[in-house]
Amino acid sequence: MTAKPSAAVRRPTAAELEAARDLVIPDVIAPDLRVLFCGINPGLWSGAVGKHFARPGNRFWPALHASGFTPELLTPDRQDELLGLGLGISNVVDRTTARADELSPDEYREGARVLTEKAANHRPAWIAIVGITAYRTAFGRPAAKIGPQHERIADSRVWVLPNPSGLNAHWSAKALAEEFARFREAAEADQPVSE
């Protein structure tokens, strides 16, 4: 199941996509979230429409729903509804590019520093880095694997998820949703029981 842009998010023109280069999309963030999902960096489509994981074919929103994080399939134009579920979105590197390989190792490392500050200020219980290569490069963990990490970002626990881009052929939609579900179960088990 792939998310399609809603009527509120139209298809950007080629000129709009090019004009979106190097923009920054505001984080969807609040204090004390259960999970802050962090993409690698926004693509041009996301920059053009001002929404995270907005390119059709990106499997973030379907994986979020199929794994049980959201009660229904949300679309990028509904990203702010995540806050009510205790979820948020940020990026390792804030600037938009056509491809992640346009980012330098220095940008990743600076992104790690900024993300650590965000974690210290907003205190999410978990940070889910959505892309293993981004995590390895940004945080200097070349041997890291998908799944829970021993290291923390500020006081936040860390889980690395596969990149949900439709270009990531190593992970089927089903396998991606299963990994998101494995993380959701761990994150829920880690939550204190409310009285």
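The structure described here is a predicted model, not an experimental one. In that model, G57 and L167 are 110 residues apart along the chain, yet their C-alpha atoms are separated by 8.5 Å.

The loop between helix 2 and helix 3 (60-66) also holds H52. Is H52 buried or exposed? With a relative accessibility of 2%, H52 counts as buried, because the limit for that class is under 20%. Even with neighbours within four places in sequence left aside, H52 is in contact with I25, P26, D27, V28, S46, W61, P76, Q79, I89 and N91.

Next comes the empty space in the model. Rolling a probe the size of a water molecule over the atoms shows where such space is left. The largest pocket has a volume of about 930 Å³. It is lined by 38 residues, and the closest to its centre are I40, A100, N163, S165 and L167. Two elements, helix 2 (44-49) and helix 5 (132-139), each give two or more residues to this lining. Helix 5 supplies the largest share, with 4 residues. What sort of residues make up the lining of the largest pocket? They divide into 18 nonpolar, 16 polar and 4 charged.

Helix 4 (105-122) makes a handy case for checking geometry. At 1.5 Å a residue, its 18 residues should span 26 Å, and the end C-alpha atoms are 25 Å apart, so the two values agree. The buried residues of helix 4 are Y108, G111, A112, L115, K118 and A119. Because these cover an arc of only 125° around the axis, they lie on the same side of helix 4. An α-helix has 3.6 residues a turn, so residues three or four places apart point the same way. What do the buried residues of helix 4 pack against? Their partners are strand 1 (35-39), strand 2 (87-91), strand 3 and helix 5. Over on the other side of helix 4, D106 and N121 are exposed.

At 32% relative accessibility, A154 counts as partly exposed.

Within helix 6, the buried residues are L176, A177, E179, F180, A181, F183, R184 and A187. What covers these buried residues of helix 6? The cover includes strand 1, helix 3, strand 3, strand 4 and strand 5.

Definitions and conventions: Residues numbered from 1 in each chain as written. Predicted model: local features only at pLDDT ≥ 70, side-chain atom pairs only at ≥ 80, totals over all residues. Heavy atoms only, no water. 1 Å grid on protein atoms, 1.4 Å probe; cavity = no way out; pocket = protein on both sides within 12 Å on 5 of 7 lines; lining within 4 Å. Points joined across faces, edges and corners; volume = space filled by probe spheres on them. Nonpolar A, V, L, I, M, F, W, Y, C, P; charged D, E, K, R; others polar. Buried < 20%, exposed > 50% of the residue type's maximum accessible area, 1.4 Å probe, protein only. Expected span 1.5 Å × (residues − 1). Arc of directions from axis to C-beta. Contact = heavy atoms within 4.5 Å.
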